[in-house]
Amino acid sequence: MLPLQQGPAIDFQQYVPALIDTITTILTFAIVFFVVYRIGRSVSVRAVEKSLHRRGFDETLIGFAVSMTVIVTTVFAIAIAATIAGFGTVLAAFATLGGAITLAVGFAAQDLLANFVAGVFIIQDKPFAVGDWIEWDGKDGVVREIQMRVTKLDTFDNELVTVPNSDLANAAVVNNVANDRRRVSVGFGIGYDDDIDQARNAIVEEGARIDGALADPEPTAPVTDLGDSAVVLSGRIWIDPSERSYAVIRSQFVEAVKERFDAEGIDIRRPAASLKRGG
């Protein structure tokens, strides 16, 4: 019988240096990354928080800035660790790929980035806050939540509206409750044969009786227009919008004056559409 032929013996010793080199490289990367990340995160996060707190930035923005700082620190630690461990070629390849991806994502996410930037300005400039009743572009609602990308509002029909922050940042936003006093104006039209002083007294007295109407400034009712068929008096009362609802007070004002006019025989005429809110 012919002896079995044996293949060449595998010398495992030749792989030991390469294995040791690989393990050493991985350990070097891990140790350097851990040290740089922990020290870098501790120092940079503390510096960012102190700097932004000292300048009075909103907590939401500070939290966002801290998150971005952690991400940047992580990337920096990976880059330093990879360089020291000898991953320079791999790192360069990933850097090139990352740059191309960043460019592509940047073009695709322009609106998203615009909303983020707008969110930063809204949170910092505070044109409105949670709970405020605002109007913009013919729409209105009560602010429920301000996020970095969108603002959520509740309409008076109890609908949830989610608005991109860039829409609010680029629009003329009316904050109806920003000040401690707000005027409620209603245009009341009376006939030309009616007594203006009688109508004015009725409007002022009924306005003063409404719960929530301020005594200073006191209610007024100047003549604001002479229409084709009506003399228009602008009934004006003032309220604290943080304590009283504008819509509720206005409704009570209109109803009270209507009943008073009916009781005194004052002819109610519809004012022009542009004068319904009293000018």
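**Salt bridges and an open sheet**

Lys 258 has a relative accessible area of 40%, so it counts as partly exposed (buried is under 20%, exposed over 50%, partly exposed in between, with a 1.4 Å probe and protein chains only). This is a predicted model, where local features need pLDDT of at least 70, side-chain atom pairs count only at pLDDT 80 or more, and totals for chains, interfaces and linings use all residues. Residues are numbered from 1 along each chain as its sequence is written, and side-chain values use heavy atoms, leaving out hydrogens and water.

**Salt bridges**

- The whole structure holds nine salt bridges (a side-chain nitrogen of Lys or Arg within 4 Å of a carboxyl oxygen of Asp or Glu).
- One of them joins Lys 258 to Asp 262, at 2.4 Å from N to O.
- Those two sit four residues apart in helix H7, so about one helical turn separates them (helices, H or I, have at least four residues and strands, E, at least two; both are DSSP runs numbered from the N terminus).
- Asp 262 is partly exposed too, at 44%.
- Arg 244 meets Asp 211 at 3.4 Å, N to O, linking the S8–H7 loop with the H6–S7 loop, 33 residues apart.

**The sheet**

- Four strands make an open antiparallel sheet, ordered S7-S8-S6-S9 (two strands pair if DSSP finds at least two bridges between them).
- S7 (223-226) and S9 (268-269) are the edge strands, each with a single partner, so one side of each has no neighbour in the sheet.
- S6 (residues 182-190) and S9 pair over two bridges, and Gly 189 has Arg 269 in S9 as its bridge partner.
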